[in-house]
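I opened a new structure today and kept notes as I went. Here is what I looked up.

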Amino acid sequence: MAETSTNTLISHMPAGSKRRAAGDEDAFHKGLPLSRKLCYAVGGAPYQMTSTTKGFFLQIFLLDVVQMDAFYVSLILFMGRAWDAITDPLVGYVVSKSGRTRIGKLIPWLVFSTPFGVLSYIMMWFTPKDTMSPAFSFSWYFIMCCLFDTFMSCYHVPYSSLNMFLGGGQKDRDSATGFRMGMETFGTLAGAVIQGQIVGVYHAKRAVVCSGLNHTENILQNHSSPLLDTLHNTRRAYLIAAVILGVLYFLCCLVLFLGVKEQLAPLSILDRLRMPYLSGLRMVVKHSPYVRLVFGFLFCSLAFQMAQSNFALFCTHAAGLGAYFQHLVLIMLTSATLSVPLWQTLLVRLEKKTTLFIGMLIYAPALVIIASVQGNLPVFIVMSIMAGFSLASLYLLPWSMLPDVIDDFKVRNPTSKGLEPIFYSCYVFFNKFGGGVSVGISTMALHFAGYKSGACSHNATVITTLRVLFAPVPIALLLVGMVLFCFYPINEARRQQIQEELRKAVTVL
C-alpha cells in the first residue's frame, strides 16, 4: 500500500512540489527543538483559560450576578455554543482557502484575531447597567458571547491545525501534543485560580449573608440589603478577572508568534485548498476512523461539560459548599495539571485507546460519591482530585489520537492534501456543539424546575434536578462514549504502519 500511495502521489505532483517535499525529508527525521514545542504549547493556554472560566462561571454569573431569568440564560448558553460550533467549520473553510503569507498560512489568523478576542472577552463579563431590562441584558450578553466565540474560533482552529506543521514525525507531534496539553491544563488552572480567587471572595460573602436571612427570594429588591453591596463588588471582581485573563491571552499569542514557524508536513501543503470545500468535507466525514473518534470524543466531552457547567450551582445550592466551590475547582484543575505527565507516560507505554479507557473509568465513581455526600468538604476534596486526574486524560488522549487519524487519511488518499483545517474544525465543532447542548439543557431543566435567579434557597425539585444533572446524566453519556471508542480502529500496530508509509513517501520524494 505504501508503494502504491507514493507512486500515486508522485504522478499527481508538480515539479515544484516534488522539490519542496524532497527538502522536507531532513525536517521529518530531524525532530522538533524543545523551544518550538514550548512556544507552541504556550499558544494553547488562551483557549483553555477562557473556556474554563466560561464553563465554570458563566452560568452562575448570569443567574446570580446579572440576575437574568434562567430561561434567557439557557438561550444564551445554548445558542451561543451553537453559534460557536457553527463558526468552526466556517473558519476551517476560510483558513483552508487562504494563501500562504510571509509569516505563514495559519499564524496570521492567530495574530490578527487576538486583539478582537481579548476585547470581546472582557466585554462578556462587563455589566453595562446596575438594572437592565430582560431584552437589553439578553442582547448584550448574547452578542458579546457570539463575538468572542467567533474570534476564538479564528484563533483556535488554525492553532489546532498547526500541530501538523511543526516539523518532525509522529513521535515529535505526540511530544508536542503532550507539552500543549500540559500547558492547556496549566491554562485551565490559571484561569480557575485568577477567576476563582478574585470572585470567590464575594460568592463566599453572599453565602454568609444568605445563611442569616429568611424569605430571600425577593430580598434583592430591597436596595438597603447588604446583598446589593456584595452584588456590586462581585460584578466589579468579574470584570477585573476578565482584564487579567485578557492580558495573559495576548501575551501567550505573542510567545507563539515569536517562537513557532510553520513547516511543511509529509503529503501536505501550506497553500490554498484546491479541492472544493464540500468535496473535502465529504471525504473527511466518510473516513470511518475519524467518525468513530469524533463521536466518542463528543459523548465523553458532553459528560465532562455537563458536570463542569453545573458544579458551581451544585456546590452552592445542593451540597451547601457555596463558599468553597472555587477552591474545589482549583484542587480539581491542579490535579489535572500535575497528572498530564503521568498520562503522557502511559500513552507511550500502552496503546492510546487503552490509556483513554483507564482515564474515563476513574471519572464515574468520583461523580457518584460527590452527588451522594452533602456538606462533607474532605470527601469533596478527595473526589475533586480523582475527577481532575481523569479530566487530564480527556485533555490529552483525543487530541493525541487525531493526528494519527489524519495520517491514516493521508496515506489512504495521498492526492487529497490541505484538509487538516477541516479535520480540526469539525473536531472542535462537535466538542463545542456538545458543550452547548449540555449547558442549554441543564439551564432549561433548572428553569422548569423553578430556579429563581438571585435567590438564596431553592425548592426540592431544583435540588434534585441539580443532582441528576451532575452525576447520572454525565455517567450515562460517558458510557456511550466509551462504547463508541471500542470501535476505534487505529491500534499501535496500525499506527506504526502509517508512520512507515509516511517515511517511505518522504524518502521517495
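My entries follow, one topic at a time.

**Ground rules.** I am working with a predicted model, where local features need pLDDT of at least 70, side-chain atom pairs count only at pLDDT 80 or more, and totals for chains, interfaces and linings use all residues. Residues are numbered from 1 along each chain as its sequence is written, and side-chain values use heavy atoms, with hydrogens and water left out.

**Cavities.** A cavity here is a set of points, on a 1 Å grid over the protein atoms alone, where a 1.4 Å probe fits but cannot get out; lining residues have an atom within 4 Å of a point. Points are joined across faces, edges and corners, and a volume is the space filled by probe spheres set on them. I found eight cavities of 30 Å³ or more.

Which residues lie nearest the centre of the largest cavity? They are Tyr 47, Gln 48, Ser 51, Gln 305 and Asn 431, out of 25 lining residues. I then noted the helices (DSSP runs of H or I, at least four residues, numbered from the N terminus). Several supply at least two lining residues each, among them α5 (45-65), α12 (288-318) and α16 (420-449). The largest share, six residues, comes from α5.

**Gln 67.** I stopped at the loop between α5 and α6, where Gln 67 is found. Gln 67 has a positive phi of about 65 degrees, although it is not a glycine. It counts as partly exposed because its relative accessibility is 27%. My cut-offs: buried is under 20% relative accessible area, exposed over 50%, partly exposed in between (1.4 Å probe, protein chains only).

I checked α15, another contributor to the lining of the largest cavity. Its 36 residues reach 53 Å from first C-alpha to last, close to the 52 Å expected. The expected span is 1.5 Å times one less than the number of residues. α15 is mostly covered, with 27 of its 36 residues buried.

Next came α13 (residues 325-349). Its end C-alpha atoms are 36 Å apart, which agrees with the 36 Å that its 25 residues should span. I also noted a kink of about 40 degrees at Ser 339, shortly before the proline Pro 341. The bend is the angle between axes fitted to the seven residues ending there and the seven starting there.

**Cysteines.** I counted zero disulfides, taking cysteine sulfur pairs within 2.5 Å. For Cys 253, the nearest cysteine sulfur, that of Cys 252, is 8.8 Å away. Is Cys 253 buried or exposed? Cys 253 counts as buried, at 6% relative accessibility. Cys 486, at 49%, counts as partly exposed.

Definitions and conventions
1 Å grid on protein atoms, 1.4 Å probe; cavity = no way out; pocket = protein on both sides within 12 Å on 5 of 7 lines; lining within 4 Å.
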